[in-house]
Amino acid sequence: MSLILYGAPLSPFVRKVEVLLREKGAEFESEPVNIMPMPDWFKEISPAKRIPVLRDLSVGREGPKGTIADSSAICAFAERKFSEPALYPADAFELGRATWYEEWADTELAGKVGMGIFRPILFPRFQGKESDIPAAKKRGTRVCLRSSTTSKANWRARNFWWGVRSPSPIFRWLAR
Ligand SMILES: N[C@@H](CCC(=O)N[C@@H](CS)C(=O)NCC(=O)O)C(=O)O
């Protein structure tokens, strides 16, 4: 086993990397890291103090050497290292667009879901406290991803509503 993935399965960034590695049939070992609080040895290999971090043991067995500390960077590494099946487009333009969507999901979407759902609704529950529904409602934000189409319309807007007012069952379940 030459790859170690440090993280926690609750993190969508860790799961993103896990899915990609599994789809490629790559062998790796998952090593759980508790981020509340984060251990010092992990802070040394994660400059931004975030999960996931990947270690390639063939490059470095301890400390920062051999580590990559960002989910998109890890995915780029794995896409090159395990070329089959290719999971990113080969075409330059399509690759640019896929990277754009990935970046949007990692920043805009994840940030809003984190502040609007995880922090006010789920985190208190993990600590045995009540969810802060008013805070979740206050932070409820409309997240909009515009995607161009190849047909008549130049732009098609897809609106993803989230928040406790959403009719989606997952949000009703979270807010119950
Ligand atoms: N850009 C980073 C973001 C990773 C990230 O935000 N991870 C969260 C967990 S979902 C984290 O480690 N948070 C630590 C904290 O907020 O203290 C990536 O793609 O890997």
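1. Two residues are in contact if their C-beta atoms, placed from the backbone, lie within 7 Å. By this criterion, Phe-13, Lys-16, Val-17, Leu-20 and Leu-21 of α1 meet Ser-71, Ile-74, Cys-75 and Ala-78 of α3. Sorted by class, this contact of α1 with α3 comprises seven nonpolar, one polar and one charged residues. Here Ala, Val, Leu, Ile, Met, Phe, Trp, Tyr, Cys and Pro count as nonpolar, Asp, Glu, Lys and Arg as charged, and the others, Gly among them, as polar.

2. On the basis of the model: this is a predicted model, in which local features need pLDDT of at least 70, side-chain atom pairs count only at pLDDT 80 or more, and totals for chains, interfaces and linings use all residues. Residues are numbered from 1 along each chain as its sequence is written.

3. On the overall fold: the secondary structure of the protein amounts to six helices and six strands. Helices (H or I, at least four residues) and strands (E, at least two) are DSSP runs, numbered from the N terminus. Along the sequence, their order is β-α-β-α-β-β-α-α-α-β-β-α. Among contacts between residues at least 6 apart in sequence, 51% join residues at least 24 apart.

4. On the packing of α1 and α3: these two helices pack at an angle of about 10 degrees, and their axes are 9 Å apart. Axes are lines fitted to C-alpha atoms, for helices over the stretch in contact, and angles run from 0 to 180 degrees between N-to-C directions. The helices α1 and α3 are therefore roughly parallel to each other. Angles under 35 degrees count as roughly parallel, over 145 as roughly antiparallel, 65 to 115 as roughly perpendicular and the rest as oblique.

5. A residue is buried if 20 or more other C-beta atoms lie within 10 Å of its own, exposed if 12 or fewer, and partly exposed in between, with C-beta atoms placed from the backbone. A nonpolar core is a set of buried Ala, Val, Leu, Ile, Met, Phe, Trp, Tyr and Cys residues joined through C-beta atoms within 7 Å. The largest such core has 18 residues, and those with the most contacts inside it are Tyr-6, Val-17, Ile-51, Val-53, Leu-54 and Ile-74. Two or more residues of this core come from each of β1 (3-7), α1, α2 (40-45), β3 (53-56) and α3. The greatest contribution is that of α1, with four residues. In soluble globular proteins, nonpolar side chains tend to be buried together.

6. On Val-17: not counting residues up to four places away in sequence, Val-17 touches Leu-5, Pro-52, Leu-54, Ser-71, Ile-74 and Cys-75.

7. On the ligand: Ser-11, Pro-12, Phe-13, Ile-35, Lys-49, Arg-50, Ile-51, Pro-52, Asp-70, Ser-71, Ser-72 and Asp-106 surround the ligand. The elements that give two or more residues to this shell are α1 (12-23) and α3 (71-81). A residue is near a molecule or strand if its C-beta atom, placed from the backbone, lies within 6 Å of it. The shell divides into five nonpolar, three polar and four charged residues.

8. On Lys-49, a member of the ligand shell: this residue is found in the loop between α2 and β3. Its phi is near 60 degrees, a positive value in a residue other than glycine. Lys-49 is exposed, because 12 or fewer other C-beta atoms lie within 10 Å, and the number for Lys-49 is 10. Leaving aside neighbours within four places in sequence, Lys-49 is in contact with Met-38 and Lys-43. Lys-49 and Ala-69 are 20 residues apart in sequence, and their C-alpha atoms are 9.0 Å apart in space.

9. On two further exposed residues: Ala-73 lies in helix α3 and is exposed, with 12 other C-beta atoms within 10 Å. Lys-138, in helix α5 (residues 133-139), is exposed, with 12 other C-beta atoms within 10 Å. The C-alpha atoms of Lys-138 and Gly-116, 22 residues apart along the chain, are separated by 8.3 Å.

10. On the cis peptide bonds: the bond from Met-36 to Pro-37 is cis, with omega near 5 degrees, and Pro-37 lies in the loop between β2 (29-32) and α2. The bond from Glu-84 to Pro-85 is cis, with omega near -10 degrees, and Pro-85 is found in the loop between α3 and α4 (92-126).
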